[in-house]
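User: Please take a close look at one strand in this model and describe its surroundings in a connected account.

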Amino acid sequence: MQNFITINDISKTFWSSDGKVETPVIQPLSLSIDEGELVMFLGPSGCGKTTLMRIVGGLETQDKGSITLAGDVLSDPDRRRGMVFQAYSSFPWLTVRQNIKFGTRYRKDISNAEKEEVTDRYLNMVGLSNYADFYTNRISGGMRQRVAIARTLASSPDVLLMDEPFGALDAQTREFLQFQLMDINKQEKKTTIFVTHDVEEAILLADRILIFSARPTRVIKEIRVGDVLPYDDRRNGTANMEAFFRMRGEILEILRQEYRRAQGET
Ligand SMILES: Nc1ncnc2c1ncn2[C@@H]1O[C@H](COP(=O)(O)OP(=O)(O)OP(=O)(O)O)[C@@H](O)[C@H]1O
């Protein structure tokens, strides 16, 4: 479905607690995301990427504008939007398996037996079957993040919202989960918004990269990665490296220019 998520003229300003200092973060901004699309948000630090994602997730309210999901206007958080943050979040009094199963708790579309199957499926997918009965305060941070991702997927949201989910992971776990996410996105056609600082991660994962300006933010560049680097090549590790590095260089230059512009140098 085209325009599965639409962001219509959203604006947001934060105010200091005494109401004297305003920080305009998002000026009227509109964009749309298709069903099954994996869109990466890139932009200078503090430009408003997380704020925009939190507004899409219903965790932050916009001053003006609206968000629709499959035609429905969104407000409060609901099960249709699943969020994964950088900080590892899991319930330490539950085992790995129980944590993941917790994601299925409010699902009415599947039976109890299917909830067990779904739990096992995501437990395997994130490579934690051998740790199923461990409490999550007895596993590493990277493993806890895998639990959080599996739990969110088990809840079967229509949209996955990921805020630097792999930012704190070691290189191997990060790469493993990046490929898992690519597979999930393609197999389940899971619409995903993913915030990152990592240009290479953005190119590896994205159907489309949106580069945001400094505050108040707007989209300054849109890149359909697959036009230059076909998805299968990226997934199989056979991407044209010259094209990869050219795209990386172009993006870094846009970010550099935006940084300088925001500092008043250009
Ligand atoms: N609750 C809040 N109250 C006041 N200001 C806020 C609040 N949340 C965010 N901000 C400010 O809004 C701006 C955008 O923050 P946001 O976290 O959305 O940026 P970001 O692009 O995700 O940054 P980063 O890439 O560094 O994570 C920043 O200047 C931040 O200080």
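The account below concerns strand β3 and the parts around it.

Analyst: Residues are numbered from 1 along each chain as its sequence is written. The model is predicted: local features need pLDDT of at least 70, side-chain atom pairs count only at pLDDT 80 or more, and totals for chains, interfaces and linings use all residues.

Strand β3 covers residues 38-42, and five of its five residues are buried, so the strand is largely enclosed by the rest of the structure. A residue counts as buried if 20 or more other C-beta atoms, placed from the backbone, lie within 10 Å of its own. Strands are DSSP runs of E with at least two residues, helices are runs of H or I with at least four, and both are numbered from the N terminus. Cover is found on both faces of β3: L38, M40 and L42 are buried on one side, and V39 and F41 on the other.

V39 takes part in both pairings: its bridge partner in β8 is I193, and R208 stands opposite V39 in β9.

Of its 59 residues, M40, F41, Y122, A150, A206 and I209 touch the most other members. Helix α4 (residues 141-154) gives the most to this core, with seven residues. Because domain 1 (5-80 + 158-262) and domain 2 (89-156) both give residues to the core, the core lies between them. These domain bounds come from an automatic or database domain assignment. Contact here means that the C-beta atoms of two residues, placed from the backbone, lie within 7 Å.

The centres of domain 1 and domain 2, taken over C-alpha atoms, are separated by 25 Å. Their contact takes eleven residues from domain 1 and twelve residues from domain 2. On the domain 1 side, helix α5 (residues 171-188) gives the most, with five residues.

Terms used. A residue is buried if 20 or more other C-beta atoms lie within 10 Å of its own, exposed if 12 or fewer, and partly exposed in between; C-beta atoms are placed from the backbone. Two strands pair if DSSP finds at least two bridges between them. A nonpolar core is a set of buried Ala, Val, Leu, Ile, Met, Phe, Trp, Tyr and Cys residues joined through C-beta atoms within 7 Å.
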